[in-house]
Amino acid sequence: MSLLRLLFNIAWFVLGGFVMGLAWWLAGLLCFISIIGIPFGRACFVIGELAFWPFGQEHVNRRVLHGHEDLGTGPLGFVGNLVWFFLFGIWLAIGHLAHALGCFITIIGIPFGIQHLKLALLSLTPIGRTVVPVRD
């Protein structure tokens, strides 16, 4: 990890990443209450880690990454994303959008606002996606 990424991640964590990472983890804990929600909860913890330290990582579609469909990238993934959207996705997206707006007010916060927008889009339909390191 480069020094610049480390500095951006530390600033991100202090200026909003901590709050949104905890929100993702809370959603994950709520998903683990039911047996059916365990795959959703696991995804929440992976994306929560991305929400804590987003610089140097990105989210990609698993179908594109692996070259074939799996359970989360097919029709069941679509249904899962629909359920997710109404239960948790919209609320996490609103949280990320609110943080993005706060970041965009200042010029120095623009990179953080862009990361919040990426996470807001991811929070709407996270099923079938995975987090990978950015290739330099």
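Predicted model: local features only at pLDDT ≥ 70, side-chain atom pairs only at ≥ 80, totals over all residues.
1. C103 is buried, its relative accessible area being 11%. Here buried means under 20% relative accessible area, exposed over 50%, and partly exposed in between, with a 1.4 Å probe and protein chains only. C31 also counts as buried, because its relative accessibility is 7%.

2. Residues are numbered from 1 along each chain as its sequence is written, and side-chain values use heavy atoms, with hydrogens and water left out.

3. How many disulfides are there? With a disulfide taken as a pair of cysteine sulfur atoms within 2.5 Å, the count is 0. C31 takes part in no disulfide, and the nearest cysteine sulfur, that of C44, lies 4.5 Å away.

4. Helix α1 spans residues 3-31 and includes L7. Helices (H or I, at least four residues) and strands (E, at least two) are DSSP runs, numbered from the N terminus. W12 belongs to helix α1 and is buried, at a relative accessible area of 2%. N9 is in helix α1 as well, and N9 is buried at 1% relative accessible area.

5. L7 also belongs to a nonpolar surface patch, together with L3, L6, I10, V14, L15 and W53; the accessible area of the patch is about 700 Å². Patches are made of residues with over 30% relative accessible area and no salt bridge, like charges being joined within 9 Å and nonpolar side chains (Val, Leu, Ile, Met, Phe, Trp, Tyr) within 5 Å. A salt bridge is a side-chain nitrogen of Lys or Arg within 4 Å of a carboxyl oxygen of Asp or Glu. Accessible areas come from the Shrake-Rupley method with a 1.4 Å probe, and for residues only the protein chains shown count as cover.

6. The largest pocket has a volume of about 490 Å³. Its lining comprises 21 residues, of which P39, R62, G72, I127 and G128 are the closest to its centre. A pocket is an open set of points, on a 1 Å grid over the protein atoms alone, where a 1.4 Å probe fits, with protein on both sides within 12 Å along at least five of seven lines; lining residues have an atom within 4 Å of a point. Grid points are joined across faces, edges and corners, and a volume is the space filled by probe spheres set on the points.

7. Which elements each supply at least two residues of that lining? They are α2 (38-52), α4 (75-104) and β2 (129-133). The most comes from α2, with 6 residues.

8. A93 is located in helix α4 and is buried, with 4% relative accessible area. Between the C-alpha atoms of A93 and V131 there are 18 Å, the two residues being 38 apart along the chain.
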